[in-house]
Each structure stands twice: as structure tokens, then as C-alpha cells.
Amino acid sequence: MIREPITSTSNQTAKNARRAFQSTGNRGSLVGCEGIQVVSQLLASSYRDTATVLYDEEALSSHPVMADLQRFEAGGGVIVPATSQVLNHITGKDGRTEILALFERPEEPDLTPVDLAPGDRHSQSVALVNPSSPGNLGSIMRTLVATGCRNLVLVCGGVSPWNAQTIKASMGACFILDIRTTGSIEELQEITSRSGVPLIAASGHHAVPGPPPHPEHVVWLFGPEGRGLTEAQVELADQVAALPMSDKVDSLNLSVAVGVFTYCWLLGESS
């Protein structure tokens, strides 16, 4: 279907898109994402069913992503050309925005014991308590997909996984992960206990450093950026683990710590 290009920032679709990109991702029905890799991941996921794609026809006319857009449109998806000026206005980027997409904000289901039920294969999941940085959360998502993690569990709220900055930092990993929520660590502990999967807290202040444990199934628990887990929160876990590190520092960036723990578990699994 041939659609008229959007050439004005006062176009209603452009206005809706700008609101979506300015949102924190916690409110509103629409979520925005931008970038070729991110949009391609969206179109390969079930979230594509509610998506509308705006793209710079001139910039992408010979790019392989056009084949994805054509398949998406042939399946009933909506693609709309727009000028680079309109696209840049929507995302607020300094550089050139070539493609973006809008889709309905997904639900974030509550974690259940079934989500963690041990199967034939070993598995690890990661629970984050009230993460605050979109960049950190997005980087963690990307790492979890790379290490084959089963679930990302968001505990006690925090930054939305559907914040535009989070989605961008995840490079589209948010469309691959199973994202679950719990209202408290107590609730998380009850669920892990019922599922028979140990909950292991990562805390350099409450454990003797050493190689991370390697149970067949595990949920790693990480505290917020800056302060980490409190002593009371750590006490809810089945075990506590800390990484050995130089005495010149007392902690790691959250996304780095998650990466080290999950890769150590993955390497232990393959050895």
C-alpha cells in the first residue's frame, strides 16, 4: 500500500510518536524504539502485531532492512515513510534517525513458580531490585540474552523495560527476554522456594569473595545501583556470593557485575 510520507511535525502520528519517545515507559499505551537493529528485532517478535514503523525512504531505499519492512507490510503491518526532519523531531536525536517504531506497551506478568520450574536443561535467571538506570537495564538485558538466561525479574519496580533509552541500550534484547515482576523480595523468595530453585544474592558486603556457586538452576539477586542489597534483603536469600576483586574498589557497576556472574555460571555449565 502506498502511503503519503509524513512531512510535518504537526502530523498526528508524529505527535503521538514524540509523546511515546518522551515517556518514561511506565505510562501511556504507546512505546517508541528506534534504530535498524532494534526495529528488526521488534519485527521478528510477537510485539510486531501492534507496531507501526516510520522510516526514511531516501536513506533506506537500498538497505536490507527494506526486505523486513516489505514482509511486515505484506503481513498486514503498517509502514509509513517520513522525512528525516520529522523522525529527528520525534526521537530528539542530534544525529539522523533513519527508522523508528511505535507499539503497544506490553504487560509485565507477575513471576510464578511455573516460570522457574526446573526442566531437563540447566538454567539461570536474574532478579534486579528497583533498577534506576535505563542504560544499565538495557545493557543487562543484552547480556542476559547472550548468556541464555531464562528470565529477567524486576523486583519492587524501578525503571521501565519499555523506556525508549532502555530499549535502545538493549539493542532489541527486550523483545527476546521473558520479563517478569514481583512486588517484593519476600514474594520472590516464596516463589523460588516453591519452585525449588535457589535464590543467591550477589553482595560484596555480605559474603566472602570466591568463585560464584554453580547450582543446576539459579536465580541471581542484585540490589539497586549505588547501595546494593541491604543486610535484611540478603538474609532472605538461600546463599550469598561475592566476586574477588582488588582492594582498590569496593563494588562493580551493576551491569558489569551481572555480566560476570552470568558468564561465570555459563562457563561452568560448558566445562
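This report describes the overall build of one predicted chain and then some of its local features.

## Basis of the description

The model is predicted, so that local features need pLDDT of at least 70 and side-chain atom pairs count only at pLDDT 80 or more, while totals for chains, interfaces and linings use all residues. Residues are numbered from 1 along each chain as its sequence is written, and side-chain values use heavy atoms, with hydrogens and water left out.

## Overall build

The chain contains eleven helices and ten strands, where helices (H or I, at least four residues) and strands (E, at least two) are DSSP runs numbered from the N terminus. Its radius of gyration is 21 Å, close to the 18 Å that the globule rule gives for 271 residues, so the chain is as compact as a globular protein of that length; the radius is taken over C-alpha atoms, and the rule is 2.2 Å times the number of residues to the power 0.38. Along the principal axes, the C-alpha atoms fill a box of roughly 60 × 40 × 35 Å.

Of the 271 residues, 48% count as buried, a word that stands for under 20% relative accessible area, with exposed meaning over 50% and partly exposed in between (1.4 Å probe, protein chains only). The chain exposes about 12900 Å², of which carbon and sulfur atoms supply 48%; these areas come from the Shrake-Rupley method with a 1.4 Å probe, and for residues only the protein chains shown count as cover. Among the contacts with a separation of 6 or more, 79% are between residues 24 or more positions apart, a contact being heavy atoms within 4.5 Å.

## Salt bridges

The structure holds five salt bridges, each defined as a side-chain nitrogen of Lys or Arg within 4 Å of a carboxyl oxygen of Asp or Glu. Glu34, Lys93 and Lys168 are linked in a network of such bridges. Lysine 93 meets glutamate 34 at 3.7 Å, N to O, and this pair links distant parts of the chain, since lysine 93 is in the loop between α5 (84-91) and β4 (99-104) and glutamate 34 is in strand β1 (residues 30-34), 59 residues apart. Lysine 168 meets glutamate 34 at 3.4 Å, N to O; lysine 168 lies in helix α8 (residues 164-170) and glutamate 34 in strand β1, so the pair ties together parts that are 134 residues apart in sequence. Glutamate 34 is buried at 10% relative accessibility, whereas lysine 93 is partly exposed at 29% and lysine 168 is partly exposed at 43%.

Another bridge joins aspartate 68 and arginine 71, whose closest N and O atoms are 2.4 Å apart. Both residues lie in helix α4 (residues 65-74), three residues apart, about one turn of the helix. Aspartate 68 is partly exposed at 25% relative accessibility, while arginine 71 is exposed at 55%.

## Serine 125

Serine 125 is placed in strand β5 (residues 123-129) and is buried, with a relative accessible area of 2%. Leaving aside neighbours within four places in sequence, serine 125 is in contact with Leu116, Arg150, Asn151, Val218, Val219 and Trp220. The side chains of serine 125 and asparagine 151 are also joined by a polar contact of 3.3 Å, a term for a pair of N or O atoms within 3.5 Å in which, within protein, one must be able to donate a hydrogen and the other to accept it, and for which residues adjacent in sequence count only if both atoms are side-chain atoms.
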